[in-house]
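Have the structure open and try each task before reading on.

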Amino acid sequence: MSEGLLQVQDIEVRYGAIRALKGVSFEVYEGEVVALLGANGAGKTTTQKTVSGMLQPAIGQILFDGERIDGIPAHKLISMGICHVPEGRRVFPRMTVHENLEMGAFRFKRPDAQLLEHVLELFPRLRERIKQHAGTLSGGEQQMLAIGRALMGKPRLLLLDEPSMGLAPLIVKQIFDIVREINSSGVTVLIVEQNAAQALALANRGYVLETGEIVLTGTGRELLADDRVRAAYLGEEIAAVS
Amino acid sequence: MNRSSSETLNRLLLCLAGALVLALMWGPQEGNFGNYWFAIKESLFGPRVLVFLALGVLAFLAMTFWPRVVPFLTRPGVWPMVAGALTVVASQTLMHWADQVGDAKFGTVASAAANTNGLAPLASAFFGGLCWAMLVIVVLLLAAGIVSGLRNFGWAAAVLSVVSAVIAYVSHSAVVDFVGGVDHSLGVYVCIVGYLVLLTAGLVVAMSHAQVANTRRAVNQALGWRPGLPLVLIGAVLGAISLATSTWFSPANRNATLADTRNLFRGTGLAPIAVQYLAWLGWTIFAISLVLSGVASYRRIRPLGWAGAALGAIGVLLTVLTLYRISSIGADLHVDSADGPWQNLGAGGWMTCAALFLIGAGGYVAATAPRHSERTVEVDSDAVASGRSASGAFLTAPGAVRSGLMVAIAVALFYPPTANGFWQSVLVSEIGIYVLLAVGLNVVVGWAGLLDLGFIAFYAIGSYTTAYLVGSLPVKPPSWLEMSPLLAIPFAVVICLLAGLALGAPTLRLRGDYLAIVTLGFGEIIRIVAVNADGVTNGSQGPQSQVPHPVINLGPVKITWGLNQLQYWYLLLVFVLVVVLAFRRLENSRIGRSWAAIREDEVAAQATGINTFRVKLLAFAIGASTSGVAGVFFASQIGFFTPDNFLLNNSILVVAYVVFGGMGSLPGAIAGAALLTWLPEFLKDQVPAADRQMWIGAVVLLMMIFRPGGLIPARRRAVELSGFDQRQRLEPVAVPAGEGL
């Protein structure tokens, strides 16, 4: 097997005395969609923040494209092509949609007009609202804007943190369709989700986190079929398993 | 008793209680040992309390019948009517009308005028009650016009406003001529401005096409009708008055007008250009530039606009030159013991400068106004719907903002020379310096969103750096380093920058409240060090020897600053101008955008690749160095200072100025600082000293309640405060049902 685009090796992250991640290892290969699943507090977001450089691992290392990236601050990782869509969307509410998208291309001297056009084709909604302030958008539109903003940074690896949070099922489906489209254009995606069914349907592979450790791994299909996953995240009866 | 009537009763009681509080505020605040109840008795048991109770009842009636009043409030002309009437009332109650008479206030002048025989009859009538009668009639006409919708009332009110303004001006001149002497009072000018606003109201009432529209739109339409024309008109009035009747040269109460001055200096060896100016050139330039700019703005001919602007500029230069010549030759010839260059000049010359400047500016605005505004005055649809412009700005008409800017520049350039010594020193040591500080703090608080409560510390560091470099501290610099104060600017900037970095580097990882506390501590540390480090700073006495006044010595050009405040004012203007121009560029740069992003959402900013820490540090350092420049200026202007000039109170005041003006808005920071530093000085004459802070507090409170975005809100903040309330209302409309998003 070739080397993964992203290799996370035995990282341990601490908030003070609390060990949020207790030696997590996983790999993401070029062109894949990988899902990190887990309940609240399992360490999904912590993992992703560590990958994006907002947190530093106490132990372990992270390799991106064969280079060590742990310890490099977030704003530098972006110029290596790791773009992060943080949890809870976090658009700039008092900037227009257009300005938000331009901020996404902050690492370039000037935003790429073609790319902007591409993003607006991906999200026709955003084109309609291009002059509107981001704070006046609906939740789904804000999520689209957050993803579009990350795309403006020309990512090789896109980190999505709970894109389905607080959205209606229909919009969740739209968002996942778009993520699939982004992925098919060659962007590797690492997605953190609680919505296991949707995420696994999309993902090539998945990892299940529980209290800071990876407890389960497999292809999307395998995990969807796994009884423990079904029981824990899809709310089905556990009786059949034991 | 049912619920609604008990509510009404409560409201009435509240209004009456509020009226009593107001009565207490108005009355004397001091008791004395013999009679503790003095203040309360004076305030509450005199006949005056009835006025306040009547006000309370009026407020009650207004609140109770508000729904019936509201439809009238949205009619065109209401707000200018209220603003104009209040301005006139303020000018005729609070302001000075003739500095030579008693305490110079309107009441004093009026009673003196009424008891004087031989005053022009019109003036006697004006001060004897005509002033109030005219105001009441104008307001009644306007109100009748607004309520009935009859345009003729509007026309009548407009005409009467002009007549009233002229009568006020003539009466004031008559009184000043009668008593003689130098007059710096502003009352009559404020009164005229008030009548001009009432004139606007009249025109709006007479000319607005809709029964219900808002004033803002009407005003914008009027301003956008012919960009630049308003400036030209103001210039025309000002120029005509100043060239014809105002005092140009006034040694020992001589009060010579332009024509008198010409006669005075006929055949005295006055420079030919000044002789020609006084004889015909002044009037000619005024007339030609007026025609050029007027036609340019009316017919929208750009080259003519530029010609008008150029001629206006030349006219200003010639006027200034002439003023210099007549004042210096007046001193040489000992005309009535004239003092020297730039002394003894009346307001006339400076008013002419302002007039020519405004006429030129009108030409400039006409020349640069967008072309396609002839038929469509730009008012975007949102603004019409919600009654406010999308950007939160009041002036949306083409060229209107620029016109406002030009008026502000004209005032900044040509008002100070006509002010009296007191106001000149207020302009320099209060208004000017705090404007500079507020502009600096605006970077930190307004743009980067960091609350800095120790800002004055950098000001102190700038001042002490200057004192060190000029050798006024116990610790002397090496002799090769000792320098004149202006050269200390780069050093002070660098040192403040370093101090900003030193404070910022460890603390900027903190957020919000924590940062505020740490900076507050820093401010106090600097002050306490200055008090206690006797060997270095000379402790609480401040620098031992005077910090010298600035000098610019470039061989042929030598400018020495002394005790004349005006010189400092123009130096400050240069500083402010440089800083503002630099910051304007900064605001729209990459750094400016990253500040905006950090203020909006720090995590998201980080996620888009902004080095948040470095950018925040930069804001801190830039703010600090601006403050350092202000410190250099302060030290060398005042000469002696002590650590008590750098109290926590000052830091908080600067924050208040920025918030009051509108966080994150450069014009706002300037306007906020200027207004809030001007107000206490203005109130000095108007209210008992003990009450001053209370009135200022009331102004700030009202401002924050009714205009929370500040005086001139920043574009983004305005959206935050207005657009977001509409979101709930907009969303269901914007998203069709069943479409899913």
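Buried area is the accessible area, taken with a 1.4 Å probe, that two parts lose on being put together, summed over both. The model is predicted: local features need pLDDT of at least 70, side-chain atom pairs count only at pLDDT 80 or more, and totals for chains, interfaces and linings use all residues. Residues are numbered from 1 along each chain as its sequence is written, chains are lettered from A in the order in which they are written, and side-chain values use heavy atoms, without hydrogens and water.

**Exercise 1.** Work out the extent of the interface between chain B and chain A.

Step 1: Start with the area; about 3000 Å² is buried between the two chains, and carbon and sulfur atoms give 60% of this.
Step 2: Now list the residues in contact (heavy atoms within 4.5 Å). Chain A brings 33 residues and chain B brings 27.

**Exercise 2.** Find the salt bridges across the interface of chain B and chain A.

Step 1: Look for a side-chain nitrogen of Lys or Arg within 4 Å of a carboxyl oxygen of Asp or Glu. This rule gives 2 salt bridges.
Step 2: Zoom in on one of them: Glu600(B) pairs with Arg94(A), with 3.5 Å between the closest N and O atoms.

**Exercise 3.** Which helix supplies the largest share of the side of chain B that touches chain A?

Step 1: Take helices as DSSP runs (H or I, at least four residues), numbered from the N terminus. H24 (590-600), H25 (602-607), H30 (715-723) and H31 (725-734) of chain B each supply at least two residues.
Step 2: The largest share, 6 residues, belongs to H24(B).
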